[in-house]
Structures are given as structure tokens and as C-alpha cells.
Amino acid sequence: MTLDKKLARLRKREGLSQAEVSEKLDVSRQAVTKWETGTSRPSIENLQSLSRLYNVPLEYLLDESGDELPAPAAPAAERAPEQKVQKKEKQWMRLLVIGAVVLALLVCFLFWYGRGQKENGLDLHSIQGEESTLLEEPDFNLNWE
């Protein structure tokens, strides 16, 4: 069966008008008419869109040796519900990994920050209630002799 006949039969099987097909594919109605009468052929991109619209393999549209119309493929939602579950699991795993990395970075920062404060004599626990000496002049003992 030729491509033009397949396209016409598939459209009728789906209960669509040429105008509806043209709207879904974002092409002119005249383009759909030309495809179905055989005066022109759809581009590769349009063939891919037609394949998705009619739920048939692209190979079926391109192979002109077959006569029978294939049964419509099951919609993606019915074909692989486990794929949705796997996708959600991957999303959760990504969120957990990102959360763990952020938490680890936060702990490292707090450790580094606290350690630096103690080395500089700024232990916040030891200066509570005492006056801060941060604004006093530093005591340098420089011997230039």
C-alpha cells in the first residue's frame, strides 16, 4: 500500500478530518490533501509527527510493501507505567543526593568556620559576658635590632 493511501486510511481510522490533522501538525490543510492524493510527500519531521499522531511505527509509513493497517499502539501511559515509577524514583534519588551534598557542605563549613574562630581567639563560648577586645590595638613585639 502506498504512503498516500496509508495516510488517508489512518486519518479515517482515527476519525479525524484533514483540517484537524493539519491543525495538530501545524501545516496547511492543502498539505495534508496533497499527501493523501500522492501529489507530494511529507517531510521527515512531518512523517515523525504523523507516526506519533496515528500511533504507528515510522517504518510502517515508509514501507510500501505492507497492505494491512497495524493496530494502534498503546498510548505511552499504558505501555510502561513502570517507567513513570522509575522516573519518580530517579528524581527522589537526585533530591536525596543533592540534599546529602548540601548537608555535608554545611557541616564542613560550620566546622571550618568554628575552627577558624577558635584559632583567632574568637571562641564565642568563652567571650560571652566579657567585653570584646577586637577594637583594641594589637600588641606587636617587633625587635629590629
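1. Phe109 and Trp112 both belong to helix H7 (residues 81-119) and sit three residues apart, about one turn of the helix. Helices here are DSSP runs of H or I with at least four residues, numbered from the N terminus. The model is a predicted one, in which local features need pLDDT of at least 70 and side-chain atom pairs count only at pLDDT 80 or more, while totals for chains, interfaces and linings use all residues. Residues are numbered from 1 along each chain as its sequence is written, and side-chain values use heavy atoms, with hydrogens and water left out.

2. The structure holds one aromatic pair. Its rings, those of Phe109 and Trp112, have centres 6.0 Å apart and planes at 40°, so the pair is tilted. By definition, rings of Phe, Tyr and Trp (its six-membered ring) pair if their centres lie within 6.5 Å; planes under 30 degrees apart count as stacked, over 60 as edge-to-face, and the rest as tilted. Phe109 is partly exposed at 44% relative accessibility, and Trp112 is exposed at 59%. For these words, buried means under 20% relative accessible area, exposed over 50%, and partly exposed in between (1.4 Å probe, protein chains only).

3. The largest nonpolar core has 15 residues, and those with the most contacts inside it are Leu7, Val21, Trp35, Leu50, Tyr54 and Leu61. Such a core is a set of buried Ala, Val, Leu, Ile, Met, Phe, Trp, Tyr and Cys residues joined through side-chain atoms within 4.5 Å. Helix H1 (3-14), H2, H3, H4 and H5 each give two or more residues to this core.

4. Tyr54 touches Leu7, Leu10, Arg11, Arg13, Glu14, Leu16 and Val21, leaving aside neighbours within four places in sequence. Contact means heavy atoms within 4.5 Å.

5. Which residue forms a salt bridge with Arg11? The partner is Glu36, with the closest N and O atoms 2.7 Å apart. A salt bridge is a side-chain nitrogen of Lys or Arg within 4 Å of a carboxyl oxygen of Asp or Glu. Arg11 lies in helix H1 and Glu36 in helix H3, so the pair ties together parts that are 25 residues apart in sequence. Arg11 is buried at 10% relative accessibility, and Glu36 is buried at 12%.

6. By this rule the count comes to three salt bridges. Another joins the side chains of Glu14 and Arg13 (3.6 Å, N to O); Glu14 is partly exposed at 31%, and Arg13 is partly exposed at 30%. Glu64 and Arg41 also meet in a salt bridge (3.4 Å, N to O). That pair links distant parts of the chain, with Glu64 in the loop between H5 and helix H6 (76-79) and Arg41 in the loop between H3 and H4, 23 residues apart. Glu64 is partly exposed at 36%, whereas Arg41 is exposed at 54%.

7. Two backbone angles deserve a check. Most residues other than glycine have a negative phi. Asp26 has a positive phi of about 60° although it is not a glycine; Asp26 lies in the loop between helix H2 (18-25) and helix H3 (29-37), and is exposed at 71% relative accessible area. Asn55 has a positive phi near 55°, in the loop between helix H4 (44-54) and helix H5 (58-62), and is partly exposed at 30%.
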